Amino acid sequence: MDFGAIWDLIILRPVINSLIWLCSVLFSNFGLTIIAFTIIIRGLMYQLTAKQLRATKGMQELQPKMSELQQKYAKDKRKLAQEQMKLYKESGLSPAGCLLPMLVQLPVWIALYQSIIRVLAVTPEDFLSLSHYLYSWPVVYSMLPLGRAFLWLDLATPNAIMALLVAGTMWIQQKMVAPTTADPKQQAQSRMMLWMMPLMFGFFCLSFPSGLSLYWLASNVISIVMQYFVTGWGGLVKLGPKRAAGRDKKYRKRITQVEQESSPYADIGADIVEPGSTPEEGLGYGKFGDKRQDRGGGYPTRLREIRRSTRKSKGHRPKRR
Amino acid sequence: MRFKQSGIRLGKILLLLAMLLLCGLTVFGCIGGALPKGWSGGTIANDTLFLGSMDGRLIAINLSDNSSLWEVPLETPKPTGGGFSFSCAPASTSVAIYGSPAVDGDLVYIGGYNGKIYALSSSSGTLRWVYPRQDNLQPIVSGPVVALGKVYIGCSDGTLYALDATTGDKQWGFQTGDKIWSTPAIDGDTIYISSFDKKLYALNATNGNKKWEFEAEGAIASTPLIYNSTVYIGSFDRYLYAINADNGSLKWKFIAEKWFWARPVAYNNTIYAPCLDGKIYILDADSGHELVDAIDLGSPISSSPVLVDSSVIIAAEEGELYSIDTSNNQIKPLASLGGTVDAPLCARHGVVYVHTQKSESLYVLNAQTGVVLWRLPLTTK
C-alpha cells in the first residue's frame with residue numbers, strides 16, 4: 001500500500017465522511033459545516049497551537065538578548081553558539097518548540113483542504129472520484145450532492161469578496177505575530193511575511209472554490225482569537241510613546257531584577273536600549289510591559305516563576321487595560 | 001547545533017513552512033477539482049461511428065474502411081492568456097463532451113459542457129444549428145435523444161429541453177428540482193428523465209406534461225432502462241429501483257454497497273446492473289432477487305455495458321474488459337486496455353467499441369475473442 005492509499009484510508013476518508021455527516025446535522029448547509037468543522041478541528045488542536053504561539057512569543061522576547069549576544073561575540077562564532085545555547089537552555093525555549101507543533105498541524109490542514117475540495121464535487125469526474133471515499137453510511141449517500149449555496153456564495157466557485165476577507169484576516173493574523181525588532185534583516189523578513197502570505201492566499205482564493213476561502217477565513221478568525229488569548233494583540237496594537245515609556249520603565253526594572261536573580265547574562269540584559277530611542281525599540285519593549293498580554297502564562301517557566309514572585313512581593317496584580 | 005543568527009533563521013524557516021503549506025495545498029488540492037474532461041460514448045448509424053473526444057471534437061469514423069470521415073471542434077479554442085491563476089489544470093477552452101451523440105436522418109446531435117446543443121450534418125460535419133444561439137445554458141452532461149421530430153436533452157440547470165430536431169427551436173422545457181446529468185429514455189410517447197432532486201419523471205414526450213414522478217432516497221445521475229414496461233434505474237442511495245412504467249409505483253428495489261452510475265442492460269428477463277462497488281449484480285427482472293452471486297471485478301464500473309448477441313460486454317474503470325455469457329452467467333476476461341474507461345460501450349455486428357480516457361483511444365475489439373481489431377488514438381498532440 002503506497003503513501004497515497006494510506007493517507008486516503010486513515011485521513012481523507014474519515015474527514016470526508018465526517019464532513020458529509022456533519023452537513024446532515026447542520027440543516028444540509030455546507031457553509032455552516034465548513035465553519036463548524038474548522039472550529040472543531042482547531043479546538044482539538046488548541047493545546048498544540050497554544051504551545052506553538054507561546055514558544056514563538058518566547059522566541060521573540062529573546063531576540064533583544066540574541067542580538068546583543070551576536071554583537072558581543074560577533075568575532076567568535078563558536079562562543080556565540082555556546083552562549084546562545086545557554087540562553088535557550090536557561091529560558092527553557094528552543095526553535096523546535098515553534099516548528100514542531102506547526103509541522104504536526106500541517107497534515108490536518110491539508111486533509112481539511114483536500115476534503116472540502118472533494119466534497120464540493122462539481123464535475124462528473126469529481127463525483128466519480130468522491131464515490132471512492134464514501135463509507136456505507138445511509139446518511140452519506142442520501143446527502144449527496146451537497147448544497148453549494150451559503151449566504152451570497154456559490155461554494156464551488158471563486159469569490160472576490162471572500163478573497164479580500166481572507167487576505168485581510170491573514171494580514172491581521174500575521175501582524176499579531178510579527179516580531180518587533182531593531183534588526184533590519186529581521187524587519188525585512190517580517191515585512192515580507194506580513195504581506196506575502198495574505199497576497200498569496202488572496203490570489204489562491206480568486207482561483208479556488210469559495211468553500212475553501214470560507215475554510216481559510218474561519219481558520220484565520222479562529223487563529224486571531226486564539227492568538228489574542230494566548231499572546232495578546234501583539235504587533236497589531238501600537239502603544240503611545242508616553243504609555244509605552246511608562247510600561248518600559250516598569251518592565252526594565254522587573255527584567256533587570258529577573259536577570260540579576262536568575263541569569264548568567266545579567267551583564268547583557270543591563271544593556272537594554274532606552275525605550276523610544278527608535279520606534280521599533282519602544283514598541284518592542286512595550287510588549288513586555290506591565291500589561292500581561294500572554295494571559296495563558298506563555299513565558300518560559302523560569303521567567304514566569306520569577307515574575308510571579310515579583311508580583312507577590314508587591315502585593316498586587318497589575319491591572320489589565 | 002549552532003543557532004547562528006537564530007532569529008533570522010527562525011523567520012526563514014517559518015517562511016519556508018508557509019511556502020511548503022501553500023505548495024502542499026496546491027499539489028494535494030489539484031487531485032480533486034480538476035477541469036471537466038468528458039467521456040462520450042460512441043453511436044453508430046449508417047456505417048459511421050460518431051464520438052466526442054476529450055478535447056471537444058465531434059468525430060465521425062467510416063466503419064467500412066476505418067477512416068476518419070470528419071472531425072469538428074465544438075467550440076473554436078480562444079487563447080485565454082493574461083490572467084493570473086493558480087488553477088490546477090492548464091487553461092483550456094475545449095468543450096468536455098459526456099453524452100453520446102444521437103443520430104437522426106442527416107443530422108447528428110451532441111451537447112457540450114459549455115451549455116450548448118449542436119446539430120451537424122452527419123455526412124460533412126457542417127453545423128446546422130446550435131441552441132441557444134446566443135449565450136450558454138448551464139453545463140450539459142446528458143446525452144441527446146431523438147424521437148417524434150424532437151431532440152430531448154437534460155441540462156445542469158435542471159431542465160429537460162425538447163427542441164425541434166430540424167431547426168433547434170425550443171418546443172418545451174420541463175423543470176426539475178436540481179441538475180439533470182442523465183440521458184433521457186423514451187418509450188412510445190413517454191419520456192423518462194432522472195434528476196439530482198432524487199426523482200424520476202415520466203413525461204408526455206409531445207408536450208412535456210408530467211405523467212408521474214417517483215422519488216428515491218438519493219440523487220439520480222444514471223440513465224433509465226426501459227424493459228418489459230418497467231423502468232430500471234440506479235441512484236446515489238445505493239438502490240437499483242424497478243418502477244412500473246405505467247404509474248410510477250415501485251416494483252422492487254435492490255441495495256448495493258455503493259451507488260449505481262451506469263445504465264444496466266436487460267436480457268432474457270435478467271437485469272445486469274454494474275455498480276461503483278466494482279460488482280455486477282445479476283437480478284431477476286420481475287422480483288429483483290439475485291440469480292447468482294454478484295461478480296466482483298475489483299474496480300468500479302461507471303461505463304454502461306452493452307449486449308452483443310447473447311453476451312454482456314462490460315468494462316471496469318481500470319480498463320479491463322469482460323464478457324458475461326447470459327446462458328450460464330459465467331464471466332470471462334476479454335482484454336486489458338490499460339486505460340480508464342468511463343464512457344458507455346457500443347457494439348455492432350459482433351464488434352465492440354471502447355473509448356478509453358487515459359491516453360485517449362478508440363479500441364475496436366472482437367466481442368467473442370477480445371482481439372483488438374484496430375485502435376485509433378484520439379489525442380491531438
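**Reading a sheet and a helix pair**

Modeller: In this predicted model, S1(B) and strand S2 (residues 48-52) of chain B pair in the antiparallel sense over four bridges.

Biologist: Happy to start there! What do strands of a sheet pair through?

Modeller: Strands of a sheet pair through backbone hydrogen bonds, and the pairing can be parallel or antiparallel. Here, for one residue of the pair, Thr43(B) stands opposite Phe50(B) in S2(B).

Biologist: How many strands form the open sheet in chain B, and in what order?

Modeller: Four strands of chain B form it, in the order S1-S2-S3-S4, with antiparallel pairing. Strand S1 (42-45) and strand S4 (67-73) of chain B are at the edges, each with a single partner strand, so one side of each has no neighbour in the sheet. On average, neighbouring strands of this sheet are turned by 20° against each other, direction ignored.

Biologist: Now for the helices in chain A. At roughly what angle do the axes of H8 and H10 cross?

Modeller: Helix H8 (residues 160-177) of chain A and helix H10 (residues 210-231) of chain A have axes that come within 9 Å and cross at roughly 25°. Angles under 35 degrees count as roughly parallel, so H8(A) is roughly parallel to H10(A).

Biologist: Is the crossing of H8(A) and H10(A) left-handed or right-handed?

Modeller: The crossing is left-handed. Residues making the contact include Leu165(A), Thr169(A) and Met176(A) of H8(A), and Leu214(A), Trp216(A) and Asn220(A) of H10(A).

Biologist: And how many residues of each class does the contact of H8(A) with H10(A) have?

Modeller: The contact has 13 nonpolar residues, seven polar ones and no charged residues.

How values were computed
Residues numbered from 1 in each chain as written. Chains lettered and ligands numbered in written order. Predicted model: local features only at pLDDT ≥ 70, side-chain atom pairs only at ≥ 80, totals over all residues. Axes fitted to C-alpha atoms, helices over the stretch in contact; angles between N-to-C directions. Helix = DSSP H or I, 4+ residues; strand = E, 2+ residues; numbered from the N terminus. Parallel < 35°, antiparallel > 145°, perpendicular 65-115°, else oblique. Left-handed = near helix turned anticlockwise from the far one by under 90°. Contact = placed C-beta atoms within 7 Å. Nonpolar A, V, L, I, M, F, W, Y, C, P; charged D, E, K, R; others polar. Pairing = 2+ DSSP bridges.
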